[in-house]
Amino acid sequence: MATTKQKILLPAILLANDLLDGDVVFWTERGWSIDPAEALVARDETAAVRLQEVAAAALARGAVVDAYLVDVALREDGLPVPNHFRERFKIAGPSIRQDLGKQAAFAHLRGRA
Amino acid sequence: MPLLDAAGFRADPWHRVAAGEPATGEAVLVGLAELPAVIAGRSNAQRVGVEVANTVRLPELSPFLGQIDLVAIAFPAFADGRAFSLARQLREAGFKGAVRAVGPVIADQFTHLVACGFDEVEVPDAIAARQPEAQWRSALASYGATYQTGYGAGASILERRRALRAGQGAAS
Amino acid sequence: MYRYDQFDEAFVRERVAQFRGQVARRIDGSLTEDEFKPLRLKNGVYLQLHAYMLRIAIPYGTLSSVQLRQLALIGERYDRGYGHFTTRQNLQFNWPKLRDIPDILDLLADVGMHCIQTSGNCIRNTTADHFAGAAADEVEDPRPTAELIRQWSTMHPEFDYLPRKFKIAVTGAPRDRAAIRAHDIGIQVVRHPVSGEVGYRLFVGGGLGRTPMIGKLVRDFLPKAHLLAYLQSLMRVYNLEGRRDNKYKARVKILVHEIGIEEFRGRVEAEFAALDPAAIAADPEEVARIEAYFAPPAFVTLPETSQRLVADRARDPAFDRWVETNTFPHREPGYAAVTVSLKPVGGVPGDATSDQMRAVADLADAHSFGEIRVSHHQNLILPHVRQDALHGLWTGLVAAGLAEANAGLITDIIACPGLDYCALATARSIPIAQAISRRFASAERQREIGELGIKISGCINACGHHHVGHIGILGLEKSGQESYQVTLGGDATENAAIGQLLGPGIAATEVPDAIERLVAVYLAHRREGETFAEAVRRLGIEPFKAGFLATPAESANAAA
């Protein structure tokens, strides 16, 4: 299929929402995970294209919804942090309720800058 | 594309005739531009249908409604609901022939289609493959009654309430 | 209150079974996501940032205590123990799982509720004046009309796949508390000036969003019996003629704008003339059946003013302040309608915990005939409270953390969920509301400023109604940062107006100071008894624009 080639910003991770739970999930070496620390980070275009193929296949299978690549910066401890604030909220949880969302479940998401 | 009505999938007796082709056959489905000529040149027993976009206005069809047996209305997408109103207008104008939905409608819309005056749907193969006959039948059975009077064959909820009141009145 | 009969009950149970089947068919691949999405939206299921969101219909904002307790239960069992009341008088849960939603719908059906048409390109939940049946200025209770529309519009076979969403609001009073001219159709119950007959005045083409517009008069007087036929005609014109090439131009307001109200009215009247209104209308017995559910509760005869209330107010200044702001005159002597504020200082506008919902349900049983309303200001209303009982009620609200005395004041802020929850948002709304609320926390200061409505939306879709806020705030993205545009002079009432932009967007941290400067301009210029909105109407936008654009230092000098 001929598509207009969109520039992929790197490094990037693949995230989606689980079809049945709605929870934000990340593509890892072992499939989908709810922990962003496990996200497979594409550091070059080849790896990013592979993630896009994973996204297309997963959407077609219907296991997840709203799958797309997100460009990130790697924190010192290796945690991928989205460059855009929208996805930072999407991953962490509501900024007004630190007791909810992944920020409540994962210590590595708390106290983010 | 597979054709389906309330009884299930069935063979399509209608032959689509492209512009410029001779309109021969027992039942021919033509475009609105060809329709006057095809009606004028039809043989006695030939049935004529017209296939239109969902943007066609009722007055464009009105002159022909007494002379045709099928109006097929295109659904460019299942969420494009213009044809529901067009079908209603055809029925309110007294059209007694068949009304067909052509395009990617889904089983979940079957009740609405029938309530608005459609008799049959012609869906792409992919949808027919994903949504077999049982799903269309089950969709049709999913509404016992609806609130809108005059849509569909059964009594509306308002009419059922009226009947219930009349029954209670008679019983008391 | 309306209660389901066997037909309503059967209909809603069928819809639950239908949605259960649709979820199963989504999972087994019969339905693609593209096909499933409109179906789930019509059942109130959104996919938001962190999770699914379920929007529950609260028809015309009326709830029973039994229903509110069930919502509390659902919040605890299937969500995170709280819910969010919206500007469309609905309730949203932010964390349900798709797999649980059919069960939630069954629990709702148990108490005569559903999520049908709370989203999607169809006729949405019909809203109404939250003081319906209590307000003294009412020609007639708008809720029987709204209920009739609810039933007629529910899964309407012809109008379930419209070009875009379609919102109808009804008011029974000349004072518009339902923002009818910000809706696709606004309906006002009126008395005919000559015959005295009660009928409807209809506005069409109002709406906020990307292209805000105030509804235009389409029919000055419509006999009541013609309502459904007229609505069918209007919806048909919209369904056939509304634009489908661009979702931002698909609302009926754009069609009305493009062809003009005269042409639009002509097309509707032509459709209407071809219909038989009697065949479409509900028969008089059905209308009477619905009306009977909204008969006034068993009010007792009381003096106009309760001496006990006078004494309670004199003795307890905090209670006195709350009565002053949070009660509304009732048509019955000795009663009041009460606003239960969901806007605690620094809180999330419209949020209530399950415990708070139960507390309100109990207080409604004790003091308001078991009836609760949701206002489009994201507060709850107890519509029928004896003035004698107000102190007892207030004490209960204090215990539940629901006694903020700020209805209509600067901290009674409307805010959409924004980017803290919403997948469509471009910026956060709630933290802005919280920061303003904290800045103006002082009760004395709020009372000195008086009536002032701030409305905040986290994107151009305007769920926070920012265009019609006295002060409106719109969150956008600018150069990778959240940025906020401020508008002034909006009005959601019978004086409906769209606010005007004051200047370029500002950062979140600058918003409270900017609001301070606008308030300072008002306080410096107001006349005796003049509200903020009235002052803006008299003075125009310019002095406020100057105040808004001034640096804090300049503004301090100007006020000095």
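Modeller: Start with the contact between chains B and C. In this predicted model, 33 residues of chain B are in contact with 32 residues of chain C.

Biologist: What makes two residues count as in contact?

Modeller: Their C-beta atoms must lie within 7 Å. On chain B, α3 (82-92), α4 (110-115) and α7 (157-171) each supply at least two residues of the side that touches chain C. The largest share, six residues, comes from α7(B).

Biologist: Which classes of residue make up the side of chain B that touches chain C?

Modeller: That side has 12 nonpolar, 12 polar and nine charged residues.

Biologist: How do you know whether the radius of gyration of chain C agrees with a compact globule?

Modeller: Set the value against the rule. A compact globule with 560 residues would have a radius of gyration near 24 Å. Chain C has 23 Å, so the two agree. Its C-alpha atoms fill a box of roughly 65 × 60 × 55 Å along the principal axes. Of the 560 residues of chain C, 58% count as buried.

Biologist: Why is Q89(C) called buried?

Modeller: The cut-off is 20 or more other C-beta atoms within 10 Å. Q89(C) has 26, so Q89(C) is buried. Q89(C) sits in the loop between β4 (82-85) and β5 (91-93) of chain C.

Biologist: What is the phi of Q89(C)?

Modeller: Phi is positive, about 65 degrees, although Q89(C) is not a glycine. Most residues other than glycine have a negative phi.

Biologist: And Q378(C): what makes that residue buried?

Modeller: Q378(C) has 25 C-beta neighbours inside 10 Å. The cut-off is 20, so Q378(C) counts as buried. Its phi is also positive, near 70 degrees. Q378(C) lies in the loop between β14 (371-374) and β15 (380-386) of chain C.

Biologist: How does the reach of helix α3 of chain C compare with the expected value?

Modeller: Helix α3 (residues 65-78) of chain C has 14 residues. From first C-alpha to last, α3(C) reaches 20 Å, close to the 20 Å expected at 1.5 Å a residue. The buried residues of α3(C) include L68(C), L71(C) and I74(C).

Biologist: One last point, on chain A. Is the peptide bond from L10(A) to P11(A) cis or trans?

Modeller: That bond is cis, with omega near -10 degrees. Most peptide bonds are trans. P11(A) is in the segment before β1 (12-18) of chain A.

Notes. Residues are numbered from 1 along each chain as its sequence is written. Chains are lettered from A and ligands numbered from 1 in the order in which they are written. This is a predicted model: local features need pLDDT of at least 70, side-chain atom pairs count only at pLDDT 80 or more; totals for chains, interfaces and linings use all residues. Helices (H or I, at least four residues) and strands (E, at least two) are DSSP runs, numbered from the N terminus. Ala, Val, Leu, Ile, Met, Phe, Trp, Tyr, Cys and Pro count as nonpolar, Asp, Glu, Lys and Arg as charged, and the others, Gly among them, as polar. The radius of gyration is taken over C-alpha atoms; the globule rule is 2.2 Å times the number of residues to the power 0.38. A residue is buried if 20 or more other C-beta atoms lie within 10 Å of its own, exposed if 12 or fewer, and partly exposed in between; C-beta atoms are placed from the backbone. The expected span of a helix is 1.5 Å times one less than its number of residues.
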